[in-house]
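Please look over the sequence and the model below before reading on. The text then goes through the fold, the confidence and a few side chains.

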Amino acid sequence: MTADTGRAFDETFCKTMRKMWVQFAKTGCPSLSADLSPDGKAKEWPLYDLKDKKVMVFDEFDIHPAKEANVKIVDWERTYPLIKYYVL
């Protein structure tokens, strides 16, 4: 991956996030159709329910829904040492 490719991805990712926030403010649902999405891919944000337990994943490769049980939400090995700086 070149630096230009990374910057282009970051720019598209940021535009997508902004559009999702605007869509949420307008409609109450942050999902984007393919024609509204900067990368041309639809982003379906599922409602959270206790049966399916799907969450939205924003990672370095894509924005997509996934089962909560399959997602590492907090990387405690990297995060725990920081609590001495942020917890009173």
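The paragraphs that follow go from the whole chain to single residues.

This is a predicted model, in which local features need pLDDT of at least 70 and side-chain atom pairs count only at pLDDT 80 or more, while totals for chains, interfaces and linings use all residues. Residues are numbered from 1 along each chain as its sequence is written, and side-chain values use heavy atoms, with hydrogens and water left out.

The protein chain contains 3 helices and 2 strands; these are DSSP runs numbered from the N terminus, with helices being H or I of at least four residues and strands being E of at least two. Read from the N terminus, their order is α-β-β-α-α. The predictor's confidence in each residue is given as pLDDT, from 0 to 100. Its average over the protein chain is 83, and 86% of the residues score at least 70. Strand β2 (residues 63–67) has the highest confidence, at 90, and helix α3 (residues 83–86) the lowest, at a mean of 69. Where pLDDT is low, the predicted coordinates should not be read in detail.

Of the 88 residues in the protein chain, 16% are buried. Buried stands for under 20% relative accessible area and exposed for over 50%, with partly exposed in between (1.4 Å probe, protein chains only). The chain exposes about 7,300 Å², of which carbon and sulfur atoms supply 60%; accessible areas come from the Shrake-Rupley method with a 1.4 Å probe, and for residues only the protein chains shown count as cover. A contact is defined as heavy atoms within 4.5 Å. Among contacts between residues at least 6 apart in sequence, 21% join residues at least 24 apart.

The two strands come next. Strand β1 (residues 54–58) pairs with β2 in the antiparallel sense over 5 bridges, where pairing requires that DSSP finds at least two bridges between two strands. A hairpin of 4 residues joins β1 to β2. Valine 55 stands opposite alanine 66 in β2.

How many aromatic pairs does the count come to? The count is 2. Tryptophan 21 and phenylalanine 24 form an edge-to-face pair, 6.4 Å centre to centre with 80° between the planes. Rings of Phe, Tyr and Trp (its six-membered ring) pair if their centres lie within 6.5 Å; planes under 30 degrees apart count as stacked, over 60 as edge-to-face and the rest as tilted. Both residues lie in helix α1 (residues 3–27), 3 residues apart, about one turn of the helix. Tryptophan 21 is exposed, because its relative accessibility is 58%, whereas phenylalanine 24 is partly exposed at 41%. Tryptophan 45 and phenylalanine 58 form a tilted pair, 5.6 Å centre to centre with 55° between the planes. This pair links distant parts of the chain, with tryptophan 45 in the loop between α1 and β1 and phenylalanine 58 in strand β1, 13 residues apart. Tryptophan 45 is partly exposed, with a relative accessible area of 32%, and phenylalanine 58 is partly exposed, with a relative accessible area of 32%.

Helix α1 also holds glutamine 23. Is glutamine 23 buried or exposed? Glutamine 23 counts as buried because its relative accessibility is 18%. Leaving aside neighbours within four places in sequence, glutamine 23 is in contact with Gly28, Cys29, Pro30, Ser31, Leu32 and Leu36. Cysteine 29 is itself partly exposed, with a relative accessible area of 34%, and cysteine 14 is partly exposed at 41%. The structure holds 0 disulfides, a disulfide being a pair of cysteine sulfur atoms within 2.5 Å.
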